[in-house]
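Please read it alongside the sequence and structure shown here.

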Amino acid sequence: MANDIGILLTNIGTPDAPNVKAVKNYLKEFLSDPRVVELPRWIWWPILYGIILPIRPRNSAKLYQKIWTQEGSPLLYRSQQLMQHLEAELPFDIALGMHYGNPSIKHALSLLQRKNLQKILVLPLYPHYSATSTGSTFDIVTKELHHWRKLPEIRFIIDYAESPSYIHSLCQSIHAVWQQRGPEHLLFSFHGIPKRYADAGDPYPERCRKTVELVTQQLRLSSNHWSMSFQSRLGRAEWLTPYTADVLSTLPKRNIKKIQVICPGFAVDCLETLEEIAIQGKKQFIHAGGEDFYYIPALNDQPNHITTLKNLILSHVQKW
């Protein structure tokens with residue numbers, strides 16, 4: 001029955017405020033996750049506490065200030081919008097938890113626990129599985145459930161990279177831009193992970209490529225009309241390539257002067273899309289000789305996106 005089922009939506013998280021203290025707390029929690037940084041703690045702690053946390057929060061806070069709004073963090077309030085739309089369309093209790101920061105996954109689970117639910121479906125807002133994101137979400141959810149006396153049945157939506165509804169939503173979003181501006185070279189930019197994680201078996205790059213394959217097939221794009229890259233590199237180790245920054249610098253040299261960029265791995269807009277791509281990426285492309293740069297917003301609370309998430313949830317609970 002619907003009143004026995006709860007839905008836990010999760011997302012990566014965000015600082016509580018665009019200031020140094022809040023950003024430092026957020027980065028400390030994020031970069032302490034052993035799924036995110038797979039180094040022995042005796043190697044990583046001196047780097048984190050001696051180099052990164054004393055320096056990076058000040059720079060990151062300035063970036064957050066560029067995209068902060070009256071509603072607060074774009075990632076948080078847009079994730080809340082998704083939850084509210086789903087609450088209006090589904091007969092389930094829904095709670096939202098941030099993997100790092102507030103409201104925490106622990107807090108969201110406590111809200112569902114009070115409902116005495118028999119079943120909980122976990123939907124991480126990551127279309128493409130990675131141990132660094134969805135896998136880490138699994139860790140924190142099960143860690144919290146370890147303290148529950150009465151356990152509900154648990155299901156995880158691990159991935160929806162090739163969900164027909166998700167692919168359709170991406171194509172509709174691109175088409176809407178084409179109707180207004182006309183089509184240009186399309187760059188798919190995904191958040192990166194260290195290459196050695198993929199070499200060790202993380203399927204993330206293949207899941208990203210599958211989404212691009214399905215979208216470009218549906219849009220009937222030839223290979224010379226689109227590119228794919230990975231952004232948000234951290235540190236000096238090799239990450240998944242090609243790097244978005246490198247692609248933005250080289251496209252004008254190939255006489256591709258007008259581009260549109262979409263970031264399919266981000267369910268809602270956030271620092272990595274609004275600042276890293278829409279602001280810094282545009283500057284880099286124009287500086288390299290580009291003439292026109294347009295960032296296609298994340299799916300956010302577009303009706304097609306709500307339908308996608310609704311369909312995912314219903315497909316996973318229908319046999320409960």
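This is a predicted model: local features need pLDDT of at least 70, side-chain atom pairs count only at pLDDT 80 or more; totals for chains, interfaces and linings use all residues.

The protein chain contains 12 helices and eight strands. Its radius of gyration is 20 Å, in agreement with the value near 20 Å that a compact globule of 320 residues would have. The second largest pocket has a volume of about 270 Å³.

**Overall form**

- The C-alpha trace of the protein chain spans about 60 × 50 × 40 Å along its principal axes.
- Of the 320 residues in the protein chain, 51% are buried.
- Among contacts in the protein chain with a separation of 6 or more, 78% are between residues 24 or more positions apart.

**Surface**

- The protein chain has an accessible surface of about 15200 Å².
- Carbon and sulfur atoms account for 51% of that accessible surface.

**Second largest pocket: lining residues**

- The lining of the second largest pocket consists of 14 residues.
- Nearest the centre of this pocket lie Asp-33, His-99, Tyr-100, Ile-140 and Lys-143.
- By class, the lining holds six charged, five nonpolar and three polar residues.

**Second largest pocket: contributing elements**

- At least two lining residues come from each of β2 (93–101), α4 (105–113) and α5 (131–145).
- With five residues, α5 provides the largest share of the lining of the second largest pocket.

Key. Residues are numbered from 1 along each chain as its sequence is written. Side-chain values use heavy atoms; hydrogens and water are left out. On a 1 Å grid over the protein atoms alone, a cavity is a set of points where a 1.4 Å probe fits but cannot get out, and a pocket is an open set with protein on both sides within 12 Å along at least five of seven lines; lining residues have an atom within 4 Å of a point. Grid points are joined across faces, edges and corners, and a volume is the space filled by probe spheres set on the points. Helices (H or I, at least four residues) and strands (E, at least two) are DSSP runs, numbered from the N terminus. Ala, Val, Leu, Ile, Met, Phe, Trp, Tyr, Cys and Pro count as nonpolar, Asp, Glu, Lys and Arg as charged, and the others, Gly among them, as polar. The radius of gyration is taken over C-alpha atoms; the globule rule is 2.2 Å times the number of residues to the power 0.38. Buried means under 20% relative accessible area, exposed over 50%, partly exposed in between (1.4 Å probe, protein chains only). Contact means heavy atoms within 4.5 Å. Accessible areas come from the Shrake-Rupley method with a 1.4 Å probe; for residues, only the protein chains shown count as cover.
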